[in-house]
Amino acid sequence: MNLVWHTLKKDIRQLRFVVSLWFAAIAVQTLLGAFAPSTTNRPTLWVICQMVAQVAPALQYLLLIVLIPLAIQQDPLADPRAFWLTRPISRRALLAGKALFLALVVIVPAVLGEVIVLSFSGLTPRLVLLAIPEVLLEVAARTFVIAVLAAFTTNFARFAVAGVCYLVGWGIASLFVRSLLSTLHSGASGGYGLSTGYLLSQKVAGTMATVAIGGGVLAWQYLTRQKRTAVGLALLGVLGIMVIRDVWPWSVSGGKVDATVAAKGPKSGDIEMALVGIKPYAGPMPEWKRWQVLTAAFSVHKQPRATVLEILSGNLALTPADGRTRNGWFTSDLSGFNSGLSAGAHALPAGLSEAAERDLGSIHILNPATNAAASVTGLHATLTTREPADSEACLGKKVAVTGDVEVAAYGYKLASIAALKSGACLSYGLDGDRILSVGGEQKSDLRMTVTESAASGAHADRMADDEGKATKVFVRRRIANLAFEPEKDADTMIQRMQPWQSTVYLLLNRGKGNEVVLCEAVNNNDVLFLMTMALRIMSPTRLGYCDAKLIFPPLTEDWLKGAELVCFKRTRLGTFHKTIDVKDFLVGAAETKANVEKSNPE
Amino acid sequence: MSDVIETRNLSRRFGKKEAVHDLTIRVPEGRIFAFLGPNGAGKSTTIKLLMNILEPTAGEALVFGRDARQLGPADFQQIGYVAEDQAAPDSMTVQQFMDYVQPMYPTWDPAFCAGLLKQFDLPLDRKLKDLSRGMRMKAVLLSSLAYRPRLLVLDEPFTGLDPLVRDEFIRGILELTAQEHWTVFVSSHDIDEVERLADWVGIINDGRLMECESVESIQGRFRQIQFAVTDDAVLPGNLPPNWLLAEKEGRAVRFVESRYQEGRSEAAVLGVFPSCGEIGAAPMSLREIFLALARVYRFAAKEGRS
């Protein structure tokens, strides 16, 4: 044991300069990562932090790929001239000394830094604890890969060459493995889910395999110095890791895959749905799409209370009198039907007022004009046909319509409430919002153009905002992804790509008889700033932030004094399919419509 | 007297090239064994096999009676190894180097180390990479002597050393081995220096051991024979095999007698050249013997290739 410590002390002493740089890099990143997101009124600091967050991980990586080879090659394994070979140091003691160095100098500080950042990000202790094994695995995996390459080489130059070969080889081999696996699985249906938890599980399994194989090869090389065998084992291991990363079939989080979520929601038979109209799409859209897009409207009956329906996918075949069938498919909605408010949609999402009543008690909405859309009981979707001529052939004519649509049912749920003051936090599981400021103008790059829908109300709000009349609340959204957190369904994963899409904010004043003001627009740049700092090197997606400005109608200071910010989250309740089969359906006639995007003064 | 080093039919192959072939040597305790051979003869490979740096492809190497592949820390605590191409922790100062090495050896003698430091005149505060080649070699040697090893293995230790340092180095080893009764196994090109050190010599060529005996014996066995013959005399084709590198230059005939026996060797000359003049039998230095043998091996190799 003495010689193990002796070796460790020697390595630290010899590499004290690089080790100091490594510690300093982690310390700086940890401090910035931990404290910068909570600096509510320091946009300049925040911008600096973002810049550091872009540069520091590269520096940290650089230090890592310098520090580890230097430590390993202090007593090289592959060099027959190595000093230690003829000195009374056992291979086991040397392995233990190097392992201790990697653990104490490389892995523990990096993990500690990440844990500090996660703790300060507002995650609950339980989630931070859940993150530790994941972080540990990732840091250990990267460390072992670098250490194995260092153990196979005699000096840093050779290590660098080996590293480049490894990266190129990895790229080529993973392409090959993926194409091979996709060929093998081409016949399987639904073998791979899209859920975040599932994908993270594959990542975790691959990381665990990397740690096991990397550690094993490293130990083998130290204990036997049989380099050829070790290299062979490493190559086999790399192939194994690639396969595991692609075909790992189990979720490590123990959650359920998204297919089972459907069981919670309404069934196909519960809801009646009928096609009521097909007409040319009249809203703003990219010019190239203009005459290829139709809008299909469905009437819905027996829709459960406090639910929102949305067409996820589907296809319709339109067959006019000429007998030629024109196929179209549903794409993302351009009509302004929105579940959230991120696109500046003015309408109150259906089901929200019921959910608010349910979760907050009796409420009195102060901006009821926005409530008009609550009565919407229909479904709209855009139908894209292949050629403009296909759409034109059907316009103003009776056609036979057949097809199938997949509909998702959503509901709103109270996620969190916090006092309306700077620094207060809304927390809901992995995500959360920190209120940066209320009312004032945040000097930052947040003033971005609201991409309007056809809803004119949002435009008016923006104008009010421009005139300084609107009540603004600046928030910073935290988004975390943890492999060991029970997995999220595919819908949640998509929502996270547009973080404001599935959230609705209200201002609630209980002192004034549960008065509620609905947020009318969310002004954000939809760019997810990554602020993982010490850890970004390890996982760029584990922790991220993005800022937004919530725009409410003008409110008095007196009203705002006792207000709370309330957040409702949209969750998918389930999905169902409906078959469409209508004969002699009259498609709406063509009409000329100016391109709103082009003519918009914005 | 037990053998500190013993090899039995030791072989090591690198691909198609057999670097060491069927090598059998014994080095008893207390002996200074010089392992000589031309470049690429297999000296360093043999030493690396003995030190468990390489593994043999056949045969075995024993050090202190243990299979060299099993040599562990306890064995290396009794072995000092200094090689020309050995890597050392160059970023350490001499003092740090000593501090690093010392805890590995329970028998480390600080007083002895201090004495050697003084004797070798090493600057404690200088980094190894900043030292001259000779000084660096001395530092490594010191780190291999201060624990009084039973076996000192030196692989080309004199390469790159200037004559003065070389002399100091050899004197240091000679003094110490005399005091401590160490066994020394040294390989070198510098035959003159080795001659001062060694009491036993092994000559290896092309991976094969050609000679292995005491320096006294080999020097007694080899003589440079020279005598005069008539102008028309010619060298016969069937000279005795122990007459090496025979040549006639003018009236002078020279060869190396590899089995010299006073009286008998002269009689053998007279048997071949009855009318020759006075026969001179000059003793040969180890260097001369080695060079003669090296030429013989090279000639034999050419013959073999042709």
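**Exercise 1.** Work out what span helix 8 of chain A should have, and compare it with the distance between its end C-alpha atoms.

*Solution.* We're working with a predicted model here. Start with the residues: helix 8 of chain A runs over 227-247, which makes 21 residues.

**Exercise 2.** Find which residues of helix 8 of chain A are buried, and which are exposed.

*Solution.* Look for the buried ones to begin with: A230(A), A234(A), V238(A), I241(A) and M242(A). They cover an arc of only 120° around the axis, so they lie on the same side of helix 8 of chain A. Then turn to the other side of the helix, where R228(A), G232(A) and L236(A) are exposed.

**Exercise 3.** Work out which strands of the open sheet in chain B stand at the edges.

*Solution.* Write down the strand order of this six-strand sheet: 6-7-8-3-9-10, with mixed pairing. Strand 6 and strand 10 (208-214) of chain B each have a single partner strand, so they are the edges, and one side of each has no neighbour in the sheet. From one strand to the next, the twist averages 15°.

**Exercise 4.** Describe how strand 9 and strand 10 of chain B pair.

*Solution.* Strand 9 covers residues 200-205, and its pairing with strand 10 of chain B is antiparallel, over six bridges. For a spot to look at, take G202(B): opposite it stands C212(B) in strand 10 of chain B.

Note on methods
Residues are numbered from 1 along each chain as its sequence is written. Chains are lettered from A and ligands numbered from 1 in the order in which they are written. This is a predicted model: local features need pLDDT of at least 70, side-chain atom pairs count only at pLDDT 80 or more; totals for chains, interfaces and linings use all residues. Helices (H or I, at least four residues) and strands (E, at least two) are DSSP runs, numbered from the N terminus. The expected span of a helix is 1.5 Å times one less than its number of residues. A residue is buried if 20 or more other C-beta atoms lie within 10 Å of its own, exposed if 12 or fewer, and partly exposed in between; C-beta atoms are placed from the backbone. The arc is that of the directions from the helix axis to the C-beta atoms. Two strands pair if DSSP finds at least two bridges between them. Axes are lines fitted to C-alpha atoms, for helices over the stretch in contact, and angles run from 0 to 180 degrees between N-to-C directions.
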